[in-house]
Amino acid sequence: MKFDTPAGTNPIDRMKVVGQPLDRIDGPRKTTGTAPYAYEHHQEVPDAVYGYVVGAGIAKGTIRSLELAAARQSPGVLGIVTAQNAGKLGKGKFNTANLLGGPRIEHYHQAIALVVAETFEQARAAAQRIKVDYQRENGAYDLHAAKGSATKPKADQGPPDTAVGDFAGAFAAAPAKFDQTYTTPDQAHAMMEPHASIARWEGDALTLWTSNQMIDWGVGDVAKTLGIPKEKVRLVSPYIGGGFGGKLFVRADALLAALGAKQVGRPVKVMLTRPLMFNNTTHRPATIQRIRFGATPDGRFQAIGHESWSGDLPGGGPETAVNQTRLLYAGADRMTATRLAVLDLPEGNAMRAPGEAPGLMALEIAVDEFAEQLGIDPIELRIRNDTQVDPEHPARPFSQRQLVRCLQDGAKRFGWDKRNPKPASTREGRWWIGQGVAAAFRNNLVMASAARVALEADGSVRVETDMTDIGTGSYTIIAQTAAEMLGVPVSRVDVRLGDSRFPVSAGSGGQWGGNSSTAGVYAACVKLRQLLAERAGIAADAADFSDGRVHGGGRDVALEALARQGRVVAEERIEYGDLGEKFQQSTFGAHFVEVAVDAATAEIRVRRMLAVCAAGRILNPKSARSQVIGAMTMGVGAALMEELVVDRRLGFFVNHDLAGYEVPVHADIPHQEVVFLDETDPVSSPMKAKGVGELGICGVGAAVANAIHHATGVRVRDYPITLDKLL
Ligand code: MOS
């Protein structure tokens, strides 16, 4: 089904099931521990042995020698995989460094060996007996030092630079000017479930039970790395304990489990230990961002400039932190630029709202600072610079853009009018109190997505798609979609996800999963409805599906009666035409935060949080709210705690565990309120929905920072805002 004109009325609009705040249908399995995660497929693979990954002890250089004899003789050891005995390996499309290193080492904790043994403890003990002799080389580990040598990256993540009008001239001539630089640190996904895989070979065919957001990408990269046909690789990933972008791509656990299983002739399970994950897998790259505004005295932007520097391994990509600045505010003369330095740190890549999340941490502080400089309320300044068209391409309107309503509605709910605009003006005992606001913005991407839907002989409905549920609620909204389309209760819909034997879906990434995967299910349901109407003797366009029946044209038939004549199955894929070129599709919101800062110690407590979001039709308000509060929590982490500390001498992230890499806990997070504006977007898909899972983190960090400045009068431009920076 090609989606190339805005959606008209369709059965989803009934909103009998879609749009209801259903509990997650996988909830009981999760909370009772019966949902098998990647490392737990004991039933399918009762005979797996254990692999333990050895990570490189240097950041850059060569392995001179690898002594394996002592490890090989250790109790229980079945085999050891290294680059020397693994055979010729390719590199996945989505991997920058090799998943198995040696003799060249590209980054610290790059996997260099897998020890396979009967038990995990035996594999771990043997791994300690491997001796590696390295030839260490000097590397580049400091973004600030490498900034001067940064170059314009390739355009494979969109244009690195944009320019409209005459930024330099307009900035120079502007009556009011602003120019500041901000920094964001490297951050880790730190999801609950570590990367893990179980591999089993049957002849030349490989099955991997793994924790992966994008099944089809994973199949492609495993096949490419091993040099085998895609058809010989099956990925199974029914439950995922968080991904945040860290599981968009296959990592060392998957490749090494496959290689280990091949070498020892038995299934092998591999989990990356927590201390290995931080340097072995990907992370969100640090940025340096310079923001310039030129405006009239009453705050109309004339010139907007945003430059961002980040680093990655050779062949890697930039953090696209200027994304939102191309679209968020009006202004005739504008420029954005992305620069990429070569760093020998672990591989950078996508983490929840890549680009916008760190980009807004800079841009939305800058707007707050400029508002203060101009003596204009920060909400008013944003409203004055609203645009209903893509400011770089004024012929392209936004499909929907309710940023102003988000700001105004939020201001009313939050009590913004009670705020004294003067910083450091409110004190409660030993606490300075402040409120901050920031705009939220994240693009709405759409992806082709397929599904298979069957009316089973017993009258139940089965949905199969390789879509994943990373804790987001995919199972539930897909069940709601099929139930709405076919007029059956959700309890009669059996959703099967995360298996490459199922039709290829959009997968979970870039906040496109919810809208795109349900649109694929919608498309398959349209086809199934045609087949069922035909069987019922009803013209397809006259058929109405509700209450377990199909009726129309004077006929009224129970689906169960149709099912008794035999299973009916339909498979379809939704694809998108050029609507995305005609309209700019984005999601918007406003974040409001109140903080208290201890006057003596500078301890920061977040007291209140509110997000108002405009993100198309909300398919399930409960799971959508969960996405947003989780993202807001992550935004507090980004503002106050999260930072991978770089050892600039030796080139690794020092705090590589959850004791040293701090994330918020319940005690750090106050009551959170989330409001969704009533919105449907017929340009996005037949579901008229958009993403929310990443919108929720976008702007939170700046809202926290702005609240801290309002409380204390201290402006910190270097995240995270730890208390030492306030004293
Ligand atoms: Mo997202 S960072 O594309 O999982």
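Q: How many bridges join β9 to strand β14, and in which sense do the two strands run?
A: In this predicted model, β9 and strand β14 (residues 287-295) run antiparallel and are joined by nine bridges.

Q: Which residue of β14 is the bridge partner of Lys 177?
A: Lys 177 has Gly 294 as its bridge partner in β14.

Q: What is the strand order in the sheet?
A: The order is β8-β16-β15-β14-β9, an open sheet of five strands with mixed pairing.

Q: Which strands stand at the edges?
A: Those are β8 (161-164) and β9 (176-184). Each has a single partner strand, so one side of each lacks a neighbour in the sheet.

Q: What does the twist average?
A: From one strand to the next, the twist averages 10°.

Q: Which helix packs on the sheet, and which strands does that helix touch?
A: Helix α9 (residues 356-374) packs there, touching β9, β14 and β15 (301-312). The direction of α9 makes about 145° with that of β9.

Q: Changing topic to the domains: what does the assignment give for the protein chain?
A: The domain assignment lists domain 1 as 2-35 + 446-577, domain 2 as 41-137 + 191-280, and domain 3 as 355-361 + 373-444 + 585-725.

Q: What separates the centres of domain 1 and domain 3?
A: The separation is 34 Å, with the centres taken over C-alpha atoms.

Q: And how many residues are in contact between domain 1 and domain 3?
A: On the domain 1 side there are 26 residues, in contact with 23 residues of domain 3.

Q: Which elements give two or more residues to the side of domain 1 that touches domain 3?
A: They are α12 and α13. Of the elements on that side, α13 gives the most, with six residues.

Q: What is that side of domain 1 like by class?
A: The side that touches domain 3 has 12 nonpolar, 12 polar and two charged residues.

Q: Back to α12 and α13: how do their axes cross?
A: The axes of helix α12 (residues 474-486) and helix α13 (residues 513-536) come within 9 Å and cross at roughly 30°. Angles under 35 degrees count as roughly parallel, and α12 and α13 are therefore roughly parallel to each other. The crossing of α12 past α13 is right-handed.

Q: Which residues make the contact?
A: From α12 they are Ser 474, Ile 477, Ile 478, Thr 481, Ala 482, Met 485 and Leu 486. From α13 they are Gly 513, Gly 514, Ser 517, Thr 518, Val 521, Tyr 522, Cys 525 and Arg 529.

Q: How do the residues of that contact divide?
A: The contact of α12 with α13 has eight nonpolar residues, six polar and one charged.

Methods:
Residues are numbered from 1 along each chain as its sequence is written. This is a predicted model: local features need pLDDT of at least 70, side-chain atom pairs count only at pLDDT 80 or more; totals for chains, interfaces and linings use all residues. Axes are lines fitted to C-alpha atoms, for helices over the stretch in contact, and angles run from 0 to 180 degrees between N-to-C directions. Helices (H or I, at least four residues) and strands (E, at least two) are DSSP runs, numbered from the N terminus. Angles under 35 degrees count as roughly parallel, over 145 as roughly antiparallel, 65 to 115 as roughly perpendicular and the rest as oblique. A crossing is left-handed if the near helix is turned anticlockwise from the far one by less than a right angle, and right-handed if clockwise. Two residues are in contact if their C-beta atoms, placed from the backbone, lie within 7 Å. Ala, Val, Leu, Ile, Met, Phe, Trp, Tyr, Cys and Pro count as nonpolar, Asp, Glu, Lys and Arg as charged, and the others, Gly among them, as polar. Two strands pair if DSSP finds at least two bridges between them. Domain bounds come from an automatic or database domain assignment.
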